[in-house]
Amino acid sequence: MNGTWTLTKLALKRERLIVPLWLLLLVTLAAGQVQRYAAGIPDIAAFAREMAANQALTAFAGEIPSATLAGMAVWKNADAIYTILGLIMILTVVRHSRGEEESGRAELVGAGVVGRLAPLTAALAVACGSAVLAGLLTAAAMAATGAGAAGSLAFGAAITAAGLVFAGMGAVAAQLTQTARTAIGVAALGLGLSYVLRFVADGSGLAALKWLSPQGWSHLVRPYGDNNVTVLLLSLAFTAATLALAYRLLTRRDLGHGLIPERPGPAASDRLRSPLRLARRLQKGLLAGWIAGYAIAGLVLGALATSIEEVARQGAAVEEFFRRYTASPEATMTDAYLWLIVLSLGYVSALYPLLALLRLRSEETTGRAELLLSTPVSRARWVAGHLLFALAGTALILATAGLTMGLVAGAPGKVLAGALVQVPATWMMAGVGVLAFGLLPRAAAAISWAAFLFVNLFGEVLGPILGIDYRIAKYAVPYPNLPMVITGEPFTATAIAIMTGITAVLIVAGLAAIRRRALT
């Protein structure tokens, strides 16, 4: 453990800007929702009854813990908080453990008086400490809004437990793989599976499935309702088991290597004779993983569509739900559910082109791009290969989800069309990624993740909390402006053309910047 404290201070210094920002985000999501409901909903009990009758929203947000302001705020945003915190924990642990090994810095640091377990311990100390702080700050903020102290502490404990679970999961993934990119993918797969299990449990009424989901354990606490914090013993036991496994695996592998060996390519091959073929070799694993994940998600979420019950369009909250997610009075609750699912898959798919294009930055920092560009390959051709996979891969991923979900739900053409409508909006994120890589390569990763979080949170979550009307906030992000073809809105190409044009402008500007700047 020698050097643990020094490495912890180094990690804290590197996280001095990122940690306060995401802590502010999580606290705002929790306490801000209480203020929003207090100002805009006069009868919270009636609102809770309306929401409990909406099975689609129950699948997304979970069961309502209590018909109070604080309980409804937890129902609205707790699942988002657990998921965001889980992703942050995975990124933090992998960045300061496997990421350091991949870059070679861990080997340099290890040449000093630094123990073998110190880097992982420092990464976990920063991540787990941040999770505890997130829980405490959220509990204090909720209590400051007038929510009960016991419920606030239970909510804070549920948040901390979710963070600890996925920090442990990230630690294990960092030992299994040789690259940070793959480690994040493995841990994120666990996060996604946990979310799907919780989603299916609440969407289908099979509550027992929650006991198989780490996020479900935090939901089972039911803050401001049962305050059943004893269920979090499962979270603590799971965390302890994953951490013990991570340390055990760390002592059994070589520095810089994972327990799952990288598969080497052939000693001689004519398959990499162009930048496009090289991009295919580098991108095919990521693309295959996304396609498989979206195919499974389409099957599971499409199967739930057959169990969605119709509800009367009565009450302000239900009317607002139908106004947001349907375009015709004849649209059914199943139509609204299918569009909401397709829209959500579109939001999540925004991450794929950003990850695909961040491979360019990885190639640059490792020096492989410099070697490639020393041959008769222009920068434009180098970038174009990866950009093609970012754009075409996005369409293929969404088409896969639309096709599988539509086949199971009994409306393949309609759902597939709704999924493909999401493609131009997701392409805009590819444009942002290219521009960030061209203008600010060192900050490209931070800009990409910030753009993804902004798109996923502002229009639907942060905008209303900040008092920005939905009809205004939705113009800050592209997805809500797409034609809702599943719910009866005729297809119009206006929004599609605008988004495609913006994407083209961003890509051209990014390519121009890449051609002019020096490799770093």
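1. Gly146 follows helix 8, and the phi of Gly146 is positive, near 105°. The model discussed here is predicted.

2. Overall content and dimensions. The protein chain contains 23 helices and zero strands. Its radius of gyration is 23 Å, close to the 24 Å that the globule rule gives for 520 residues, so the chain is as compact as a globular protein of that length. Along the principal axes, the C-alpha trace of the protein chain spans about 65 × 55 × 35 Å.

3. Length of helix 8. This helix covers residues 118–144. With 27 residues at 1.5 Å a residue, helix 8 should span 39 Å, and the 38 Å between its end C-alpha atoms agrees with that.

4. Packing of helix 1 on helix 8. Helix 1 is formed by residues 4–14, and its axis comes within 8 Å of the axis of helix 8, with a crossing angle of roughly 50°. The crossing of helix 1 past helix 8 is right-handed.

5. Residues in that contact. Helix 1 contributes Thr4, Leu7, Thr8, Ala11 and Leu12. From helix 8 come Ala118, Pro119, Thr121, Ala122, Ala125 and Val126. By class, the residues of this contact divide into eight nonpolar and three polar, with no charged residue.

Key
Residues numbered from 1 in each chain as written. Predicted model: local features only at pLDDT ≥ 70, side-chain atom pairs only at ≥ 80, totals over all residues. Heavy atoms only, no water. Axes fitted to C-alpha atoms, helices over the stretch in contact; angles between N-to-C directions. Helix = DSSP H or I, 4+ residues; strand = E, 2+ residues; numbered from the N terminus. Left-handed = near helix turned anticlockwise from the far one by under 90°. Contact = heavy atoms within 4.5 Å. Nonpolar A, V, L, I, M, F, W, Y, C, P; charged D, E, K, R; others polar. Expected span 1.5 Å × (residues − 1). Rg over C-alpha atoms; globule rule 2.2 N^0.38 Å.
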